[in-house]
2 protein chains.
Amino acid sequence: MTSEWALVIKTSLILRKIMNDPISKITDIMEADLITIGDEILIGQIVDTNSAWMAQHLNDEGINIRQITSISDQPDHIFQTLLESEKKASIVLVTGGLGPTRDDRTKTAICDFFETQLVVNNSVLDHVIELLAPRGIVINSLNRDQALVPASATVLHNKLGTAPGLWFERGETIFVFMPGVPFEMKYLMEHEVIPRIKNLFNTNTILHRTILTQGLAESALAEKIAYWEDSLPESIKLAYLPSPQSVRLRLSARGDNENYLKKLLEDKIKELTQIIPDYIFGYEEETMAGNIGRILQERELTLAVAESCTGGNIAHTITLNPGSSAYFKGGIIAYSNEIKINVLGIDQNLIADKGAVSKEVVEAMAISARKMLNSNYAIATSGIAGPTGGTTDKPVGTVWIALAGPDSVISKRFNFANHRERNIIRSSQTALNMLRLELLKNNN
Amino acid sequence: MTSEWALVIKTSLILRKIMNDPISKITDIMEADLITIGDEILIGQIVDTNSAWMAQHLNDEGINIRQITSISDQPDHIFQTLLESEKKASIVLVTGGLGPTRDDRTKTAICDFFETQLVVNNSVLDHVIELLAPRGIVINSLNRDQALVPASATVLHNKLGTAPGLWFERGETIFVFMPGVPFEMKYLMEHEVIPRIKNLFNTNTILHRTILTQGLAESALAEKIAYWEDSLPESIKLAYLPSPQSVRLRLSARGDNENYLKKLLEDKIKELTQIIPDYIFGYEEETMAGNIGRILQERELTLAVAESCTGGNIAHTITLNPGSSAYFKGGIIAYSNEIKINVLGIDQNLIADKGAVSKEVVEAMAISARKMLNSNYAIATSGIAGPTGGTTDKPVGTVWIALAGPDSVISKRFNFANHRERNIIRSSQTALNMLRLELLKNNN
C-alpha cells in the first residue's frame, strides 16, 4: 500500500467521523473482529487464549470486539470469513496460519482476497537470516519462504520471530495478519498494531472496574442490587460473572471524558458498597485468600486450619499465595474421626452424641487447632461433601464451619449443592469469608 | 418438537446418508459449529475453555468442528449467526446467554429464529424449586423465568443447574442451546447431547484410548517413544496432551471395522507399555489419586500425609475422590517449622543442622505422620515452591519427597520449575506416583 492511499483512507475515515455519517460503520465505538486460523483450536488441542488477551487490550483502547471466529486453514473458508468481517467490522485482526511449516495456504488465501501476489521482502529475509544464524541454523527453503509477503501489504517488523505481521487497508476496513505464537502476537500488538490503530482512530475512553462478591448466588445478588442496577447511567454497563468461588460484577464505562467516567464509577461503587457491604470481598484481580493474607500480614496475625470435609483445600487455597508462610502456620486434616479424637483431642463421646458434622464438634476442632498450632485464628470444617453419606437431617451439602479467634468461637451451618467438588470449593471460600468478616469487625 | 417430526428428520438424514447424496451436508464426517454467546469472552474477561472441551469430545465421536464463533447477546447478531451456521453445519451447539440474570434476550432471539414463543415448562419449574429449596432460597421472579422455554424445543434436563438445555431440529440441522457454566455444559453434553447425536448420526467408527504418563516432560517422552510413534499405522493418530499433572497420550483410530481397530490399538498400547512401564500410571479418565485410592481400598491399606511445600494439595487431590474416607486418614500441614517441631515432633537440631528442605527432615516427617495418624503409608513433602526463598544449593523448585511404609522409608530430591502453582501440582503428582510405584512393587 502506498502512503498516498493510506492518507486517502485516513482522511475518509476522519471525514466520515466528523460528518457523523449515519450509514458509515465508523461510529464512536469502533468494532473489531478477531479471527484465528488453524486446526489446533478446532480439534480442542489448545485453548484460544490469544483472543482473550487481544480483546482485553483492544477494550482498553475503547475498541469493542464484535465477534471472535476460529476457522481451519482452508483457503475458501479464510476468504469467506474475511469477506464477512469486512462487511461488519472496522478492524479485522487475524492470528495463526503463518509459520515456517504451513503459511503457504494462508498467504495464498490472503493474496486472493486482496488481489495481489507474493514478492520477496529483503528486510524480512535479512531478519530471518539474522534470527537463525546464532542458533547455528542454516537457512532452508521453508525459512526463505517466510520472506515472501503479499505485494500490497505493509510489513510489520516481528522482532521475536520469522513471520512478519501484515497490514492492509481496504475501503473502510483495516486487516492485520499476525503469527499465532502468543509472545510474537503480543509483541506485534503492543509495538505495531495498537499504536497504528490509535493513530488512525481517535478512540473513546473505556474504563473497567470489577467488584468481587461472595455469599450470594447470582440471582439473589441480582435481586438485592436491582434498584442500584436500574440507576446506572447509560454510559455504564454491568456484567455478572459467576464462578464456584464468587460472583464478580464488572462495570464498564465509556465516554470521552476520562475524569468524569472515573468519578461516575467511584460513586456507583460507593453506593453498591453500602447496599451489600458484607458480600464484597475485593476488587479487580484480588482473591479471597490473597485479601485475607494481606490483612493477616499487616496485623501480624497467624492462621491455622482443622479440615475435615474440605480435606486440605483451605490450606491449599491459602498456600497458593506467595509469602503465605508469613501468616499460615499449618493445620490438621482430620478426615477420619480417629484423627479428630487422637490428634485434635476431640471428646469421643461428643462425636458419638452430636455427630461429626455438628456445631459442637466443629467448634471443638477450631479451638483445639488454635491451641495445638499456637495461632491467633483457626478455621474448622466438617460436612458431607457427597455424593453419598447424606441423611434426612443432614443431606449431602450440609457443612458446619467454625472460626476460633482470640476472644470467641463462632460457627454456622451451611447447605451447599449436591456436587462434591463444588461443595469443597464453596465451603472453603465461605470459611475464608467468615474469617475475613471477623477480621474486619475486629478492626473497628 | 413432536416425535413424528423428529422421525421425519431422522429418516431424511438416514436416507440421504444411504443414498450418498453428494449435495447433502451429511457426509461420513459430520461437521459442527460451536457458538458462544455473551460479553465475557468478547471483553476478554474469561478465556473460552468450553469450546476446546466440546471440540475434543465431539472429535471423539468422529464429528469435525467447522467453526467456533463468539458473539454478543444482541438478538440480531444471534439470529444472523444461527442462520449462517444453519447453512453450513449439520450440528450447531450454542453455549451461554442462559442464566437467571440475562437469559431473556437470548431466549427471545431463539424464539424469533425458530418462529415459536416462550411457554412455562412445569417440570423445569419443579426442578428449579427443588434445586433452590435445600439452600433455603425462596424462588424469585428471575428464577421463575428460568422455567420459560421455547414451545417447539425439546427440553434437556439440567440436573446441575436451573437453566435447561434446549434441542431443536430444523431441516437437516440440529441446534442445541446450553448454559455457559462449564460443569453444567459438560453434564448436558455427556448425558443428553452426545448420546442423542450418536443416536441420530451413524458416524464412522472412531476409537480413542488415552494413556496417562507422569515423570517425563513432553519432549523427553516424545524422544523416548519416537520409534514406536513412527511405527503407528495411518489409521491411528497420536496427540500429546500435556498438563501440569501429566502428559496424556491420545490415540485415535478411525475406520469401518471396529474389532480390527480395537485389536490394533491394544497391540500398540501393549508395545508402548513395554517401552515406558514406569511412566504410565493409568488410562482414560483415571486420575493418579483415583488409581491409588482403588489400590489402597482393595488392599485395605490407609494413607496419611505430612505436607510442607505442597500446603494441603496432596490431601485435597486425594479427597476430591468420592469415598476417599475409606483409605485416607488425614494429615498434618506442617507449613512452619514450629509445626514440624511441636506437632510432628521433628528434632529442632535436625532442622537447624540439615535445613527443613532435606532428606533427613522429610523422612522424619513421613515416619512421624505414619505413627501419629496410625496409617500404613505416609507421604511427606518439603521444598521451595517460590517465587522467593531459593538459594544456590537449593534453588526455587527444589523439593524433597519421602514415603514411609510398613517396611521402609524412601525419599528423593526433585527439581521442578520456577513457578509456584506448577511446583505445587508437580510435587503432589510426583509424590503420589512414588506411592503408586511402591504399591505396585509390594504387590509382586
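Ile35(A) stands opposite Val94(A) in β3(A). Strand β1 (residues 30-37) of chain A and strand β3 (residues 91-95) of chain A run in the parallel sense, with 5 bridges between them. Helices (H or I, at least four residues) and strands (E, at least two) are DSSP runs, numbered from the N terminus, and two strands pair if DSSP finds at least two bridges between them.

This is a predicted model, in which local features need pLDDT of at least 70 and side-chain atom pairs count only at pLDDT 80 or more, while totals for chains, interfaces and linings use all residues. Residues are numbered from 1 along each chain as its sequence is written, chains are lettered from A and ligands numbered from 1 in the order in which they are written, and side-chain values use heavy atoms, leaving out hydrogens and water.

Two residues are set side by side below; buried means under 20% relative accessible area, exposed over 50%, and partly exposed in between (1.4 Å probe, protein chains only).

| Residue | Relative accessibility | Class |
|---|---|---|
| Ser324(A) | 1% | buried |
| Glu421(B) | 42% | partly exposed |

Ser324(A) lies in the loop between α13 (313-319) and β14 (328-333) of chain A. Leaving aside residues up to four places away in sequence, Ser324(A) touches Ile318(A), Thr319(A), Tyr335(B) and Arg420(B), where contact means heavy atoms within 4.5 Å.
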